[in-house]
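Open the model in your viewer and keep the selection panel at hand. The stops below go one at a time.

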Amino acid sequence: MHEPHTAEHAHPQLGFWRKYVFSTDHKIIGIQYMITAMAMAVVGGTLSMLMRYQLAWPSLLSPTMAKIMPDAFAGGVMKPEFYVSLVTMHGTIMVFFLFTAVLTGGFGNFLIPLQVGARDMAFPFLNALSYWVFLLSCIVIFSALFVEGGAPLGGWTAYAPLNAIPAAGPGQGTGMTLWITAIALFSVSGLMGGLNYITTILTLRTKGMSMMRLPLTQWSLLVTSILGLLAFPVLLAAGILLLFDRVGGTSFFVPAGIIMNQVPLMDHSGGHPLLWQHLFWFFGHPEVYIVILPAMGMASDILSTFCRKPIFSYRMMVYSMVAIAALSFIVWGHHMFVSGMNPFLGSVFTLTTLLIAVPSAIKTFNWIGTVWGARIRFTVPALFAIAFVSLFVSGGISGIFLGTSAADIQLQDTYFVVAHFHLVMAIAPLFAAFGGVYYWFPKIFGRSMNMTLGKIHFWVSFIGVYSVFFPMHILGIGGQMRRIYDPTQYDFLKPQQPLNEFITVAAFILGAAQLIFLFNFYWSIFLGKRMTERNPWHATTLEWTVPSPPGHGNFGDELPTVHRWPFDYSVPGEKEDFIPQTVPATVVAH
Amino acid sequence: MPVISEEKRNRRIVPPPPVLPGGDGGDGGAGDFGGSFPISKGQLGLWILLTAIIMLFAGLSSAYIVLRGLPTWQNIALPSLLWPNTAVLVLSSLTIELSKGAVRKNQLQAMKAWLALSGVLGLIFIAGQLAAWRQLVHAGVYLPSTLQSSFFYVLTGLHGLHLLGGIAGLGFVLFKAMRNRLTVFNHEPLKLCATYWRYPGGRRRRCTN
Ligand code: HEM
Ligand SMILES: [Cu+2]
């Protein structure tokens, strides 16, 4: 079982701590990212269950809850401040600490060196540092739940001026300061990671691995890292200014004459709250693509593998990814249509926003082209990848409505927006990530997950997410506000309450289905079926040519040489329906 | 969905894209200079870091520009030390270039001297900025006083941190130089340091007008 390694095995006898905890091996770091992000997902998911409970039965007295969380459920009913802090923490944890972290930190770390044919990242120490700073940021954000006053209330977008003023609410003191600190740490960690990902993909590719032979997962990680490199520093800049407004007495985002809780704020003057929105969304819109692009890349590779067909129009897939990334920097105003911006500017942002639908549609048609007429192998990863396409389309279509400023003035800040961004940036990437876990699990851990449980997990989740998020469009058109604490306080929303109850029941079932996944994941790490085969899916990319799990240094004595693109499936005249990237071109009979 | 015959399916297979011309394939090396990518992994990493820093300052500068247009904007009298400080900084980027020039001509002693001088100039600059802050404080201009004073303290503070990072890197290069690890053929750390140093010299602080 021991592969002959040479130079890379200069230190074979690393102890447990060096090998699995303070490791600089990209594979271990990837697993660390993945497991930490999953723990954060459990936190974020639990918060969302509490939110759904409140929305369905807002005035139900619950002595049990009052006993478990006496502060939050004073007298048995959830306090409004607590609800808003749930919203904030849920959004923040899911966007940053789950999706951004698991897609680039988790999959990126594990897959980049293996798929480009490198022994490790370009800067392994920096890579490890990136994880430890990420872990620190997770601890900081988590601790915000337990400090005096509780977690911050301002939403994941942290709009000024309320988030610039500690007196604005119970969680806006220590809680909000922790929030800014955690986001700053996260940005720094993300930059250290991104520096590694870009450098590794560009400079450490093995012989023959030209850019146009990279798997789409790699292209997506490259483009995502560049987006992060350009977007996160702007968030960091905004965060620094916000922090100074809070602790340094400056007024970058705070205008004069604010009256808070009947007390006029005397010591602030002259700033501009909209500046925060501009800075935040200049980061925020690219951020949503930071999340979706790796999901697109992984889903493309998985689809092609299980359709046993090359991806439809590889080049257009690459170009459209680059186009989406470039356009994502000039659309941020579509989050600010109702901020009082000049209507002419609004039309400009409408135009750029609708433009971004073009490369998105190209990708969608290419996925359909890939699936079209294929003999699909409906394995669990394939199901998740197909569902990804469905979810992306469902969420993207509502984006076109929202991107039209005239329509958005009505829909802004309603559950229609909640439905849109959950489908497109939360659930679609979630499904791609699930697909990725089921697909690469054998490579990561050398064992396979249980596929029967996987199918149950898939179907309950798939029906679950549509049951939860589709009706939200209706709620939103009916006028239910986003971040609302109790919909029944308005008479005009009361008729919709059964829909809220339905969504909550569906959400509970959906949540329970994720327990199946968690069980399957951890059980399979230790007790799953051992993989005897290196390449169980008959895939073409480099990671499948090495043992599972790959040894230190990944590729034994010699780095592989690449002779072809990663999509040689069902090549006419070949015995096998796949040709690994390492097979020389001469073997192909034409 | 119609079942497609084997032959028809095969005709649909899109041929793989050809390799891009110009040796775009990877080389399986360690990312050192001379591989298929035009610059070494160290240089690329440094440029990525600098891009992040540029974006950070671009974010801050755009905030500056937006707020400067507000009616509430009040200018402050900038400390007189600012200009001599700037001169020191420009001088230090000059000396580090001289150090790089020296190692290219294999004048290792000169390289060390210029390098040490750059570090000293960097420290003088930081001390000068602290003194400039004191000048402001004496004039009664504090961090929260006006929007421009807020920007002044925040931007110069961050710039100082950026330079401290540079001085730490320079110290590391000097340490290597003292142990004679830098040669005509191999002085990438010095080159990286000079690149990092040159960058803030070229981009002067926005809040001075
Ligand atoms: C066809 C493509 C898309 C269009 C035209 C579009 C348009 C919009 C618009 C106009 C809004 C603002 C709605 C409002 O606040 O009133 C919005 C919100 C949002 N979109 Fe999209 N979108 C598209 C795709 C995406 C994708 C791919 C993602 C994520 C991967 C995404 C994530 C989000 C998020 C997170 C929000 C809510 C932000 C917040 O206020 O918290 N969108 N979208
Ligand atoms: Cu957007």
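**Two metals, then the shell**

Start with the copper ion (ligand 2) and the iron atom of ligand 1: they are 4.5 Å apart. Keep in mind that this is a predicted model.

Next, select A:His285, A:His334 and A:His335. They coordinate the copper ion (ligand 2) through ND1, NE2 and NE2 respectively, at 1.8 to 2.0 Å. Along the chain, these donors follow the spacing H-x48-H-H.

Now colour by secondary structure. A:His285 sits in helix H8 (residues 273-307) of chain A, while A:His335 is in the loop between helix H9 (314-327) and helix H10 (343-371), so the pair ties together parts that are 50 residues apart in sequence.

A:His335 is partly exposed, at 22%.

Move to ligand 1. Of the 24 residues around it, A:Asp408, A:Gln412, A:His420, A:Met425 and A:Arg482 come nearest.

Then show polar contacts to oxygen atoms of ligand 1:

- A:Asp408: a polar side-chain atom lies 2.5 Å from one.
- A:Arg482: a polar side-chain atom lies 2.6 Å from one.
- A:Trp156: an N or O atom of the side chain is 2.9 Å from one.

Which elements give two or more residues to this shell? Select H8, H10, helix H11 (380-403) and helix H13 (415-445) of chain A. H11(A) provides the largest share, six residues.

Last stop: colour the shell around ligand 1 by residue class. You will find 13 nonpolar, nine polar and two charged residues.

Methods
Residues numbered from 1 in each chain as written. Chains lettered and ligands numbered in written order. Predicted model: local features only at pLDDT ≥ 70, side-chain atom pairs only at ≥ 80, totals over all residues. Heavy atoms only, no water. Donors = N, O, S within 2.8 Å, 3.2 Å for Na, K, Ca; no water. Helix = DSSP H or I, 4+ residues; strand = E, 2+ residues; numbered from the N terminus. Buried < 20%, exposed > 50% of the residue type's maximum accessible area, 1.4 Å probe, protein only. Near = heavy atom within 4 Å. Polar contact = N/O pair within 3.5 Å; in protein donor to acceptor, adjacent residues only side chain to side chain. Nonpolar A, V, L, I, M, F, W, Y, C, P; charged D, E, K, R; others polar.
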